[in-house]
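Let's take a walk through the charged side chains of this protein. Have a look at the sequence and the model first.

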Amino acid sequence: MAYCSCGGLGFGGWLYLRIWITFIGTCSTSVLPAASLRSPDLSTGLGTKQHPQRQQQRFSSLDDKPQFPGASAEFIDKLEFIQPNVISGIPIYRVMDRQGQIINPSEDPNLPQEKVLKFYKSMTLLNTMDRILYESQRQGRISFYMTNYGEEGTHVGSAAALDNTDLVFGQYREAGVLMYRDYPLELFMAQCYGNVSDLGKGRQMPVHYGCKERHFVTISSPLATQIPQAVGAAYAAKRANANRVVICYFGEGAASEGDAHAGFNFAATLECPIIFFCRNNGYAISTPTSEQYRGDGIAARGPGYGIMSIRVDGNDVFAVYNATKEARRRAVAENQPFLIEAMTYRIGHHSTSDDSSAYRSVDEVNYWDKQDHPISRLRHYLQSRGWWDDEQEKDWRKQSRKKVMEAFEQAERKPKPNFSLLFSDVYQEMPAQLRKQQESLARHLQTYGEHYPLDHFEK
């Protein structure tokens with residue numbers, strides 16, 4: 001839906017005319033006297049036929065309401081610009097304090113022990129996998145990796161509040177959503193190693209997961225491209241009456257992209273059942289939030305688009321769960337978008353290509369790692385309920401590491417997909433130019449194959 005510079009809608013003058021007619025009709029009943037809308041009597045040739053005198057209706061200033069179609073507001077008679085920080089920041093909703101104690105019992109989701117333990121095991125298993133794959137990259141075994149340290153609560157809390165059929169559009173730091181949906185460790189490893197078991201057939205760089213069966217759209221590298229795509233999927237779900245929501249994850253850095261604006265606006269105007277989930281972790285690679293925006297974070301942008309918004313403590317898995325669950329319920333029931341800004345902290349480097357010590361202090365990182373970590377907060381909660389103890393913690397850490405290492409070793413032993421797959425799965429019928437490239441590669445390898453590790457690829 002494009003808008004032209006003259007203020008009219010770009011898809012046709014008929015709609016402009018229709019709005020104008022509607023506006024005149026409104027004026028005829030609320031502003032102008034009826035006689036003023038009648039054509040002048042032309043029988044005299046001058047349009048000056050005399051009528052019984054009618055006194056023009058007068059309105060007080062209180063009844064003089066703005067009629068502009070572009071905003072809902074009142075007139076004022078004082079010149080005043082809106083200040084960006086005239087009120088305190090949007091509050092941060094939380095359920096647990098840093099010691100895992102429930103603050104307001106009425107906000108306790110009262111989840112069963114089995115479910116809370118799944119929260120904890122998913123978060124800690126993800127943490128273990130991160131450590132092993134990060135070291136794997138440092139040893140040259142894989143080309144790239146991105147950890148999720150410190151953000152595990154945003155993944156698991158939101159994933160647990162969704163239906164398993166809800167469609168997920170991730171950015172690249174949402175592996176915990178797949179983890180909670182029981183995505184096998186073997187497939188995590190296969191994707192990062194790009195071996196024959198990789199669902200993407202080795203075509204993507206590591207951490208670009210995707211799984212059709214678990215309704216997780218394959219991740220792509222460019223920032224924010226998933227946002228308008230997710231809105232389109234949500235609009236399709238609405239038209240199909242699918243009783244389904246789409247959730248779209250992104251970081252606060254991606255919210256600076258133009259695609260974020262387009263996605264927010266389309267979702268609001270088309271009334272789509274979508275949850276925009278922003279992980280505000282403090283940094284867009286090396287750029288701190290103080291240099292990214294001047295307003296009150298990302299949640300403050302929601303009302304400007306007409307989107308219901310909330311800010312939550314992303315290190316409180318129950319706060320994330322409650323907010324996402326309610327947003328999902330209302331998004332489906334009311335066909336409207338919701339924006340959740342989860343305040344958290346990226347403890348790890350942005351990726352294995354980044355050295356965060358160049359732009360933040362060790363003390364800053366240690367505070368979030370030791371004093372306000374989502375995993376330790378949930379562990380305090382479990383221990384206070386008598387659902388977890390030090391012995392169970394020790395056993396689970398050992399067990400989870402064993403699981404990850406077994407999947408890791410299995411992935412390393414498997415060959416890469418056959419290189420002929422470079423040319424498949426795009427066109428139903430291979431075009432001549434692509435076939436020519438395929439034949440050229442075959443001739444090249446036949447001549448110089450000894451210089452390539454062809455034995456590492458599936459025959």
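## A buried pair

Arg-279 and Glu-151 form a salt bridge, with their closest N and O atoms 2.7 Å apart. (A salt bridge here is a side-chain nitrogen of Lys or Arg within 4 Å of a carboxyl oxygen of Asp or Glu.) The two partners come from distant parts of the chain, 128 residues apart: Arg-279 sits in strand E4 (residues 274-280) and Glu-151 in the loop between H2 and H3. Helices (H or I, at least four residues) and strands (E, at least two) are DSSP runs, numbered from the N terminus.

Arg-279 is buried, at 1% relative accessible area, and Glu-151 is buried too, at 0%. Buried means under 20% relative accessible area, exposed means over 50%, and partly exposed is in between (1.4 Å probe, protein chains only).

## Reading the model

This is a predicted model, so local features need pLDDT of at least 70 and side-chain atom pairs count only at pLDDT 80 or more, while totals for chains, interfaces and linings use all residues. Residues are numbered from 1 along each chain as its sequence is written, and side-chain values use heavy atoms, leaving out hydrogens and water.
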